Amino acid sequence: MLRNGLEPWHLLVVLAIVVLLFGSKKLPEMARGLGKSMRILKAETKALREDDAPADTAAAGTAQSTAQQPADRPAVTPTNVTKATETKRPETTT
């Protein structure tokens, strides 16, 4: 059914419709914005991949270091953090 769904003349028709809808002045701006967002996405995914690789090796290292700690170590008690009390504003009458 979709075997020959994307032929060259289909692309020309789609391009003509896009030019009619958005105008020839807006297309370069849209292409620039798309290019910038693609570059940002590529840089962020690359950074995530680089962050994951050291995290995997660090996780293996921490697992080994926690196994070597003594078992009779006291547990850490959590501390409660409270918010500062809000001061009431004086009421003004108008």
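**Surface and fold**

I began with the surface of the protein chain, which exposes about 9,800 Å², with carbon and sulfur atoms supplying 62% of it; accessible areas here come from the Shrake-Rupley method with a 1.4 Å probe, and for residues only the protein chains shown count as cover. I noted that this is a predicted model, in which local features need pLDDT of at least 70 and side-chain atom pairs count only at pLDDT 80 or more, while totals for chains, interfaces and linings use all residues. Residues are numbered from 1 along each chain as its sequence is written, and side-chain values use heavy atoms, with hydrogens and water left out.

I then looked up burial, and of the 94 residues of the protein chain 0% count as buried (buried is under 20% relative accessible area, exposed over 50%, partly exposed in between, with a 1.4 Å probe and protein chains only). For secondary structure I found 2 helices and 0 strands, both taken as DSSP runs numbered from the N terminus (helices H or I, at least four residues; strands E, at least two).

I checked the length of α1, residues 8-22: its 15 residues should span 21 Å at 1.5 Å a residue, and its end C-alpha atoms are 21 Å apart, so the two agree; the expected span is 1.5 Å times one less than the number of residues. Just after α1, I found G23 with a positive phi of about 85°.

I also located a nonpolar surface patch of about 620 Å², made by W9, V13, I17, L21, F22 and M30, to which α1 gives the most, with 5 residues. Patch residues have over 30% relative accessible area and no salt bridge, like charges being joined within 9 Å and nonpolar side chains (Val, Leu, Ile, Met, Phe, Trp, Tyr) within 5 Å. V13, in helix α1, is partly exposed at 41% relative accessible area.

**Helix α2**

I counted 1 salt bridge in the structure, a term for a side-chain nitrogen of Lys or Arg within 4 Å of a carboxyl oxygen of Asp or Glu. E29 forms a salt bridge with K26, their closest N and O atoms being 3.8 Å apart, and because they are 3 residues apart in α2, about one helical turn separates them. E29 is partly exposed at 46% relative accessibility, and K26 is partly exposed with a relative accessible area of 46%.

Further along, I looked at T45 in helix α2, residues 26-67, whose side chain reaches the backbone oxygen of K42 at 2.9 Å. T45 counts as partly exposed, at 31% relative accessibility.

Methods:
Polar contact = N/O pair within 3.5 Å; in protein donor to acceptor, adjacent residues only side chain to side chain.
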